[in-house]
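Hello,

Here is the structure I promised to hand over. Have a look at it first, and then read on for a short tour of what turned up.

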Amino acid sequence: MQRYDNRRVVVKYGGNAMGDDALARAFARDITLLRQSGVHPVVVHGGGPQIGSMLERLNIKSEFKGGLRVTDKATVEVVEMVLAGSINKSIVAHINREGGRAIGLCGKDGDMVTARKLHRKHRDPDSKIEEILDLGFVGEPETVNARVLELILEKDLIPVVAPVAPGRDGATYNINADTFAGAIAGALDAKRLLFLTDVPGVLDRDGKLIKQLTRAGARALIEDGTISGGMIPKVETCLEALDQGVEGVVIVDGKVTHAVLLELFTDHGAGTLIVP
């Protein structure tokens, strides 16, 4: 436990664990215990399923390009309402109920994060023509002002941050929560960045968990196809966080009770640790 005393740990919270009330309470207890143990946790959360549910309730239809949701003005208003509103305050309430002192934020607060519009390339499988997709108000972090979070952490508060941020153009942008968490962890010089996901971690070709990887090892597994599909962008985000100065990044199954504590405070861990 002394390895993490007075150090910063960023936890990206999302997936199925977020929708289960019992797991949400267990997560809140773990985060509270981290703070009581001398660790300074920062929670960054997503909320894709909840956003989709609210869009359905409001009868707002989504357009998709290249398999990615286009975020128009009506959609980004719902995104901000759900992420920075209901989800954020629910997590804050859970932590406070367990004895922690959490405060809800988004990238707009204190000018913490400035976003720029995200441009994605897509190659048509039939024509092989590559095009630049306009995904609307989807962004990526451009700058992070860590001072806001540092001041909050100094007061023994637990920041819970929604991945919504303003652009220099005055617009509001929805940012992928993994990418947002990586940028926050890098700016805070975090000792660990934990991604709570729906899978145990990175698996080898036999489906067994790989306990630890280096940056070079992770890239080799992407090249040979062992890491594939949706795990590729997650691992690439881990590598970007390492490039920004994070000491280690962990992909762990958020459905496992006390996954955060098991990863940080036991020798065997609970997921895949990626180090430089």
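A residue counts as buried when its relative accessible area is under 20%, as exposed when the value is over 50%, and as partly exposed in between. By that rule Tyr13 is buried, because its relative accessible area is 2%. Please keep in mind throughout that this is a predicted model.

Aromatic pairs

A pair of aromatic rings is described by the distance of the centres and the angle of the planes. For Tyr13 and Phe27 the ring centres are 3.9 Å apart and the planes stand at 5°, so this pair is stacked. Tyr13 sits in strand E1 (residues 8-13) and Phe27 in helix H2 (residues 21-36), so the pair ties together parts that are 14 residues apart in sequence. Phe27 is buried too, with a relative accessible area of 6%.

The other pair is Phe137 with Tyr173: here the ring centres are 6.0 Å apart and the planes are at 55°, so the pair is tilted. It links distant parts of the chain, with Phe137 in strand E7 (residues 130-144) and Tyr173 in strand E10 (residues 172-175), 36 residues apart.

Helix contacts

Two packed helices are described by the angle between their axes and the distance between the axes. Helix H3 (residues 48-57) and helix H4 (residues 73-97) have axes that come within 10 Å and cross at roughly 125°. That angle makes H3 oblique to H4. The crossing in which H3 passes H4 is right-handed. On the H3 side the contact is made by Gln50, Ile51, Met54 and Leu55, and these meet Thr75, Val78, Val79, Met81, Val82, Leu83 and Ile87 in H4. Sorted by class, the residues of this contact of H3 with H4 are nine nonpolar, two polar and no charged.

From H7, the residues that make the contact are Arg215, Ala218, Arg219 and Ile222, and from H8 they are Ile232, Val235, Glu236, Leu239, Leu242 and Asp243. This contact of H7 with H8 has six nonpolar and four charged residues, and no polar ones.

Two backbone details

Most residues other than glycine have a negative phi, and most peptide bonds are trans. Asp111 has a positive phi of about 55° although it is not a glycine. You will find Asp111 in the loop between strand E5 (102-106) and strand E6 (113-123), and with a relative accessibility of 48% it counts as partly exposed. Asp189 also has a positive phi, about 55°, without being a glycine. Asp189 lies in the loop between helix H6 (177-187) and strand E11 (192-197), and its relative accessible area of 49% makes it partly exposed.

Val161 is in strand E8 (residues 158-162) and counts as buried, with 0% relative accessibility. Which residues does Val161 touch, not counting those up to four places away in sequence? They are Val42, Val43, Val44, His45, Asn88, Leu105, Cys106, Met112, Leu149 and Phe180. Ile31 is 130 residues from Val161 in sequence, and their C-alpha atoms are 14 Å apart in space.

Lys211 is in the loop between E11 and strand E12 (212-214), where it counts as partly exposed at 45% relative accessibility. Lys211 and Asp198 are 13 residues apart along the chain, and 16 Å separates their C-alpha atoms.

Enjoy exploring it!

Best wishes

Definitions and conventions. Residues are numbered from 1 along each chain as its sequence is written. This is a predicted model: local features need pLDDT of at least 70, side-chain atom pairs count only at pLDDT 80 or more; totals for chains, interfaces and linings use all residues. Side-chain values use heavy atoms; hydrogens and water are left out. Contact means heavy atoms within 4.5 Å. Helices (H or I, at least four residues) and strands (E, at least two) are DSSP runs, numbered from the N terminus. Ala, Val, Leu, Ile, Met, Phe, Trp, Tyr, Cys and Pro count as nonpolar, Asp, Glu, Lys and Arg as charged, and the others, Gly among them, as polar. Rings of Phe, Tyr and Trp (its six-membered ring) pair if their centres lie within 6.5 Å; planes under 30 degrees apart count as stacked, over 60 as edge-to-face and the rest as tilted. Buried means under 20% relative accessible area, exposed over 50%, partly exposed in between (1.4 Å probe, protein chains only). Axes are lines fitted to C-alpha atoms, for helices over the stretch in contact, and angles run from 0 to 180 degrees between N-to-C directions. Angles under 35 degrees count as roughly parallel, over 145 as roughly antiparallel, 65 to 115 as roughly perpendicular and the rest as oblique. A crossing is left-handed if the near helix is turned anticlockwise from the far one by less than a right angle, and right-handed if clockwise.
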